[in-house]
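Dear colleague,

I am handing over the structure we spoke about, which you will find just below. After it I have set out what was found, feature by feature, with the cut-offs given where each term comes up.

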Amino acid sequence: GEWCFVAAEKIPLSDRMRIILLLVSASLAASLHVHPQPPSYRPTVASFAPRASPVCVSTPSSGSELRFRGARELTRIRGGTAGVNKWLASAGGLATSAAVTGAANLFGLAFTLATGSHKLTDLVGSGCFAFSAIATLLMGGNSSSPRLLASTSLISVWSVRLASFLFYRILMTDKDDRLGKVFATTSGTVTFWVLSFLWGFVVLMPHSMSCFAASSAPLDGAGYAAAGLAAVAFVVEAVADWQKWTFKNKPEGKTTWCAEGLWKFSRHPNYAGEITFWWSIFALNAPNLAAHWPGLALGAVSPIFITLLIRFVSGVNLAEARNDGRFGKSREYQEYKKRTPMLFPGVL
C-alpha cells in the first residue's frame with residue numbers, strides 16, 4: 001500500500017474526487033448488475049438472443065437459400081454466445097472481490113477517520129487479499145479444484161505474512177510520518193483508502209475470475225511450476241523483508257545501507273519477489289481464463305499493474321530516492337549500485 005500514500009499526497013484535490021467518483025460508480029455497477037451465483041444459475045446471453053422467425057419455404061429455391069442463411073446465423077450466434085457466457089460467469093468473481101475488498105477498505109476508512117490512527121492501514125490493506133481470495137473460491141463453484149486451492153493458499157499465506165509483518169513493524173516504530181501527512185486531511189484519507197481498494201481489486205483479478213470460470217483446468221506440470229515459482233518468490237520476499245528489518249535495528253543500520261543476505265545480489269530483492277509472485281499467480285490461473293480472450297487480457301493487467309507500480313511509482317523509486325539522498329555521496333555506495341542490479345540479477 002506504499003503507493004497509495006504517494007498518490008494521495010500528490011494528486012490534486014479535484015482529481016482525487018473524480019477518481020473516487022469513478023471507482024465508486026464502477027463498484028456500484030458491478031454489484032448491481034453482476035451477482036455472484038452458482039454455475040447452474042449464472043447469467044447467459046441465450047435468453048436475450050432474438051428467437052428465429054418462421055422460415056417460409058414457398059419455393060425450393062427460396063427455401064434452400066433461407067435455410068442456408070438461418071444455419072449460418074445460428075452458428076454465428078452460438079459461437080458468440082459461448083464466449084460471452086464464459087465472460088459473464090467469470091465477471092461474478094470480480095463482483096465478489098469488489099464487495100469483499102471494498103468492505104475491508106471501507107472499514108479501514110471509517111477507523112482512520114474516527115481515530116486518526118494509521119496503525120491498521122497495512123493490516124487491513126494487505127489482509128483483505130486473503131479474505132477476498134477465500135470468498136471468491138467458496139462462492140465460485142469450483143472450490144475443490146487443486147489449481148484454485150493452490151492459488152487461494154498462496155495468496156492467503158502471502159497476505160497474512162505481509163499484513164502481520166507490516167503491523168508488527170508499525171507497532172515497533174509507533175508511527176509513519178509519511179501517512180501522518182496524508183491522513184492530516186479528510187480528502188487525503190479518503191483518497192488513500194480508495195486507492196488501497198483499487199490495489200487489492202486489480203491485483204486479485206486473475207484469481208477472482210478464475211474461481212468463477214465455467215470449469216477449472218487440472219493442475220498439470222505447468223501449474224505445479226507456476227505454484228512452485230510463486231512459493232519461491234514468497235520466500236524471497238519474506239526473507240528480504242526480515243533481513244532488512246533486522247539490519248536496520250543494528251547500530252550500523254542507522255548509518256549505512258543494507259547489503260547483507262539477499263541484498264548482496266539485488267538492491268530490492270523484496271520487490272523482485274513480489275513482482276515474481278504475482279506473475280506466477282497469473283500463470284497459475286491463466287488456463288482457466290484462456291477460454292475467452294477478454295478475461296485473459298484483463299487478468300494480465302494484474303501483474304503488469306504491480307510491475308509498473310513497484311518499478312516506476314512507489315517501491316523502487318522511493319527506496320532509491322531515500323538511499324541516494326542519504327548515501328549518494330559515498331563512493332562505496334556508488335560502487336554497490338554499479339555491481340548490484342536493481343531487481344533481478346543478470347536481468348534488471
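**A nonpolar patch on the surface**

On the surface, W279, I304, L308, F312 and V313 together form a nonpolar patch with about 470 Å² of accessible area. Such patches are made of residues with over 30% relative accessible area and no salt bridge, where like charges are joined within 9 Å and nonpolar side chains (Val, Leu, Ile, Met, Phe, Trp, Tyr) within 5 Å; the areas come from the Shrake-Rupley method with a 1.4 Å probe, and for residues only the protein chains shown count as cover. Helix α11 (residues 293-313) gives the largest share of the patch, four residues, and L308, which is found in helix α11, is partly exposed at a relative accessible area of 45%. Here buried means under 20% relative accessible area, exposed means over 50%, and partly exposed lies in between (1.4 Å probe, protein chains only).

**How to read the model**

This is a predicted model, in which local features need pLDDT of at least 70 and side-chain atom pairs count only at pLDDT 80 or more, while totals for chains, interfaces and linings use all residues. Residues are numbered from 1 along each chain as its sequence is written, and side-chain values use heavy atoms, with hydrogens and water left out.

**The overall fold**

The protein has 13 helices and zero strands, these being DSSP runs numbered from the N terminus (helices are H or I, at least four residues; strands are E, at least two). Of its 348 residues, 45% count as buried, and the accessible surface comes to about 17,600 Å², of which 67% belongs to carbon and sulfur atoms. Among contacts (heavy atoms within 4.5 Å) between residues at least 6 apart in sequence, 83% join residues at least 24 apart.

**Salt bridges**

The structure holds eight salt bridges, each a side-chain nitrogen of Lys or Arg within 4 Å of a carboxyl oxygen of Asp or Glu. One of them joins the side chains of D220 and R147 (3.3 Å, N to O), and this pair links distant parts of the chain, with D220 in the loop between α8 (205-211) and α9 and R147 in helix α5 (residues 146-173), 73 residues apart. D220 is partly exposed at 40% relative accessibility, whereas R147 is buried at 1%.

Another salt bridge is made by the side chains of D241 and R161 (3.0 Å, N to O); because D241 lies in helix α9 and R161 in helix α5, the pair ties together parts that are 80 residues apart in sequence. Both D241 and R161 are buried.

A further one joins the side chains of K337 and D324 (3.1 Å, N to O), and salt bridges that share partners join R267, E320, D324 and K337 into one network.

**Two buried polar residues**

E237, in helix α9 (residues 221-248), counts as buried at 2% relative accessibility. Its side chain makes a polar contact with the side chain of W158 (2.9 Å), that is, a pair of N or O atoms within 3.5 Å in which, within protein, one must be able to donate a hydrogen and the other to accept it, and residues adjacent in sequence count only if both atoms are side-chain atoms.

N288, in helix α10 (residues 269-289), is buried as well, with a relative accessible area of 3%. A polar atom of the N288 side chain lies 2.7 Å from the backbone nitrogen of A217.

With best wishes
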